[in-house]
Amino acid sequence: MDDNTRGGAPEQELSELLQIRRNKLRALQDEGRDPYRIVKFDQELYSTDVVERFEELEGQTVSVAGRMTSKRIMGKASFAHLLDYKGDIQFYVRRDDIGEDEYARFKALDIGDIVGVRGVVFKTRTGEVSIHAERVTLLSKSLRPLPEKYHGLRDPELRYRQRFVDLIVNPESRETFVKRSKIISAIRTSLDAKGFIEVETPVLNTTASGAAARPFVTHHNSLGIDLYMRIATELHLKMCIVGGLERVYEIGRLFRNEGMDATHNPEFTSIEIYQAYTDYEGMMQLCEELIARCCALVNGTTVISYQGHQIDLTPPFARMSMNDAVIEYSGADFMACADDAAARALAARLGIETEDKTATKGQLLALAFDRFVEDKLVQPTFITDYPIEISPLSKRKYDSDGLTERFELFIAGSEYANAFSELNDPIDQRERFAQQARERAKGDDEAMMIDEDFCLALEYGMPPTGGIGIGIDRLVMLLTDRSTIRDVLLFPTMKPLAD
């Protein structure tokens, strides 16, 4: 069966195609031409280098390497395309140039085979920059056909399970992950230039704290204890601040045993940044700068289209307190309630139901924000002044009873960053942890545990500090116009297929 076109085959033919490719491999091995025994190839240039530098390279001999994605045999001459890391390029193979035996071997190659091509740079009559091959070397045999060109790998489930194929046949997927790398690099470069240092903190912890989340539990056989996969890097990074490392950050994986949807995956990438002698206002400015810089780098502008919305990421971003936002979108003023009972009555009139009959004014304000405001915030907006009940690690806003110096950044109806003027009062911190423990005892399995090491560290003294966490995956979604987190994770968590 000839494989001269781009593409694969119907399911009923698959086993036959697989056997044909294996037979070709065995024939090569019997001839002493096993491609898997080749250990290197002199890849001098990428395809885009040849195209962009055509005037300089025309008539010169170059070497390129990559996956063959098309082949058109026309008697004694053939055209094919090679896909490498940066793009693709056409190459031209003629029997009289490489010899009859080598030309026969070239014709026997399959779509998907990885080849090295050495030849002279030229331009076809149609104006396409190409390579006139002097030698084509099979570097690795593809034993499975690629998806058909014009349909590609479009089934989302299959794309996520077989990302390696998705990257081969869908250029937009490759571009997304190239942009992801550039975004992370830009964040590192910006922070390093400001005097921050990158540190690493434990993934396995004896307590799960630093965020409101349900942890994954594992067991350490040698120590004979259960450990938790980290749900945040916050507490260890603030211990670094206590120790005198005044500007620190960590980009790393976090693990939360929660539901999965378009913006949530059980493991995800976050950056947390802590700076001594600043506050949440300083973190707002830093957040704006980082996001605008990343956006301009990968899109060439700070005005982008995301899921049908035009969004302007040019600093400064809008600012609004949580209570003012709830007033604007619902008309309800929770902070004006005389006590918690009045707040519960107000919530009931708004149709906000909670099983906790002792819910406080602050807790109900947060529920009202989730209900009436969050999905309305399309343009970047810092929501500030969060209730103390839902901000156990944030410093009090001392001119506003029951509120903290905390903000979250919302864009297109989703949260992208969470920041505090960090709580550095060890007595207050222990009391907040104790309240979290009481909430946990009442059944809230996302409430924080008391971290004794962190409490001990605070007793040695932590300077006034600003801290922020930014979700890298959601930021990449925003800057690449992707609707689901699975599109920006190379290997998202998937339920195993049945045997």
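**Why is it called that?**

Mentor: Let's start at Ala 412, which sits in the loop between strand S16 (403-411) and strand S17 (414-421). Those names come from DSSP runs numbered from the N terminus: helices are H or I with at least four residues, strands are E with at least two. By the way, this is a predicted model, so local features need pLDDT of at least 70 and side-chain atom pairs count only at pLDDT 80 or more, while totals for chains, interfaces and linings use all residues. Residues are numbered from 1 along each chain as its sequence is written, and side-chain values use heavy atoms, leaving out hydrogens and water.

Trainee: Why does Ala 412 count as partly exposed?

Mentor: Its relative accessibility is 21%. Buried means under 20%, exposed means over 50%, and partly exposed is in between (1.4 Å probe, protein chains only).

Trainee: What is Tyr 277 in contact with, beyond its neighbours within four places in sequence?

Mentor: Glu 246, Pro 463, Pro 464 and Thr 465. They are called contacts because heavy atoms come within 4.5 Å. Also, Tyr 277 and Gly 466 are 189 residues apart in sequence, but their C-alpha atoms are 7.3 Å apart in space.

Trainee: How do you know how strands S12 and S13 pair?

Mentor: Two strands pair if DSSP finds at least two bridges between them. Strand S12 (residues 303-306) and strand S13 (residues 309-312) are joined by four bridges and run antiparallel. Four meets the cut-off, so they pair. Ile 304 stands opposite Ile 311 in S13. Their hairpin has two residues between the strands, and Gln 307 there takes a positive phi near 50°.

Trainee: What makes the peptide bond between Pro 315 and Pro 316 stand out?

Mentor: It's cis, with omega about 0°. Most peptide bonds are trans. Pro 316 lies in the loop between S13 and strand S14 (318-321).

Trainee: What makes S6 and S14 edge strands?

Mentor: Picture the open sheet of eight strands, with mixed pairing, in the order S6-S10-S11-S18-S17-S16-S15-S14. Strand S6 (197-198) and S14 each pair on one side only, and that makes them the edges. Inside that sheet, S16 and S17 pair in the antiparallel sense over six bridges, with Phe 407 opposite Ala 419 in S17.

Trainee: Which residues touch the most other members of the largest nonpolar core?

Mentor: Leu 313 and Leu 479, out of 43 residues. Helix H10 (residues 280-299) gives the largest share, ten residues. A second, separate core of 25 residues includes Leu 57, Leu 109, Val 115 and Leu 138.

Trainee: And why is something called a nonpolar core?

Mentor: It's called that because it is a set of buried Ala, Val, Leu, Ile, Met, Phe, Trp, Tyr and Cys residues joined through side-chain atoms within 4.5 Å. Leaving aside neighbours within four places in sequence, Leu 313 is in contact with several residues, including Ile 291, Ala 292, Ile 411 and Leu 479. In soluble globular proteins, nonpolar side chains tend to be buried together.

Trainee: How many of the residues of the chain count as buried?

Mentor: 49% of the 499 residues do.
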